[in-house]
Amino acid sequence: MGTSLEQNIEQAACLISQATLLVVSSGAGISKESGIPTFRDAPTGLWANYNPEQLATRHGFRRSPDLVWSWYMMRRDLLSEARPNPGHYAVAELERLLPRVVVLTQNIDGLHAQAGSSDVVELHGSIRRFKCFDNCRGDPTPIDLETLEYTHDVAPRCPHCGVGYVRPDVVWFGEMLPAGAIDRAFTLARLCDVMLVIGTSGIVQPAASLPVEAKQAGARVVEVNPEPGLITPHADIFLQGPSGEVLPQVVAMLRAIRGSAPDGQNQTGAS
Ligand code: BV8
Ligand code: ZN
């Protein structure tokens, strides 16, 4: 008879309460309850006949700049109505309950920061930033979309060089992750006592290797996901359920444990 979700949540909260460095590793699933479709949700509308791996590539963009541009404009519009959900707020709350929390996210939606998380590593960039496809003034050549005349249907040209297209400052398939981000992510994965993996299918590399690295370096791994996947075999504790429901319960349990901790328990901050 498997232990119930409540027992697993209590076990996870107990584990997390002892962490001097908690690393949260999140994927598209944590933003699902904010109304942002995940990559596994089949694309709808104009893009129904494409899969993200075709659209989120340099090749895809070069071949059909307007199609890829409009896909990002649609996703950016979705974001303008999206708000962080209880899962994002619970992650932000962890910072107030633990000595040190760092969030490594594959998401480009900026919702962790919006919910109050203060140390977020955006492994795959951000849909809120744009740059010149040709990096005409260095990599990246930032472009402020608000200074441009543009439509959702036609990819605009870079205002600096007039030749390169404007593109989102995200990491496409086949592109390197920002050096600083990936180095810091793996360093933190190897340093953390606990890694909390939320809402990721564990398919996309190198992000999917972070929990494996953490485990190999001696960390304990807690996974939150409505369904088991590639990460689950590496998890010490698997909390099966939507993160918007499960994470607030973990935080409530953690508050109870902290509340009962002896006064003045030293909060050693990790480096
Ligand atoms: C690189 C930004 C190397 C853009 C993204 C074979 C052929 C070709 C390439 C490769 C290959 N094998 C490996 C590769 C490399 C490739 C890769 O991993 N491909 C995969 C498809 C096999 N990786 C790369 O190309 C990376 N770069 O390797 O460069 C290199 C070396 C030398 C020189 C040059 C380059 C770059 C990868 C980054 C791609 N960019 N995003 C954009 O967003 O538009 S990836 C994008 O997809 C996301 O960022 C995320 O990483 C990924 C989606 O994964 P998830 O976040 O996990 O989301 P997913 O939809 O898959 O799953 C959702 C999960 O949520 C599910 O588990 C579900 O159960 C759960 N869920 C649902 N509801 C909830 C929930 N969870 C909680 N609560 C809920 N309510
Ligand atoms: Zn340019």
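In this predicted model, the strand β4 supplies the largest share of the lining of the second largest pocket, namely four residues; a pocket here is an open set of points on a 1 Å grid over the protein atoms alone, where a 1.4 Å probe fits, with protein on both sides within 12 Å along at least five of seven lines, and lining residues have an atom within 4 Å of a point. The pocket is lined by 18 residues, and Lys131, Asp139, Asp169, Met176 and Pro178 lie nearest its centre. Two or more lining residues come from each of β4 (125–132) and β6 (166–170), where strands are DSSP runs of E with at least two residues and helices are runs of H or I with at least four. About 340 Å³ of space lies in this pocket, the volume being the space filled by probe spheres set on the points.

Elsewhere, helix α1 (residues 5–17) packs with helix α10 (residues 243–259) at an angle of about 55 degrees, their axes 9 Å apart; axes are lines fitted to C-alpha atoms over the stretch in contact, and angles run from 0 to 180 degrees between N-to-C directions. That makes α1 oblique to α10, since angles under 35 degrees count as roughly parallel, over 145 as roughly antiparallel, 65 to 115 as roughly perpendicular and the rest as oblique. The contact (heavy atoms within 4.5 Å) includes Leu5 and Ile9 of α1 and Val246 and Met253 of α10.

Residues are numbered from 1 along each chain as its sequence is written, while chains are lettered from A and ligands numbered from 1 in the order in which they are written. Local features need pLDDT of at least 70, side-chain atom pairs count only at pLDDT 80 or more, totals for chains, interfaces and linings use all residues, and side-chain values use heavy atoms, with hydrogens and water left out.
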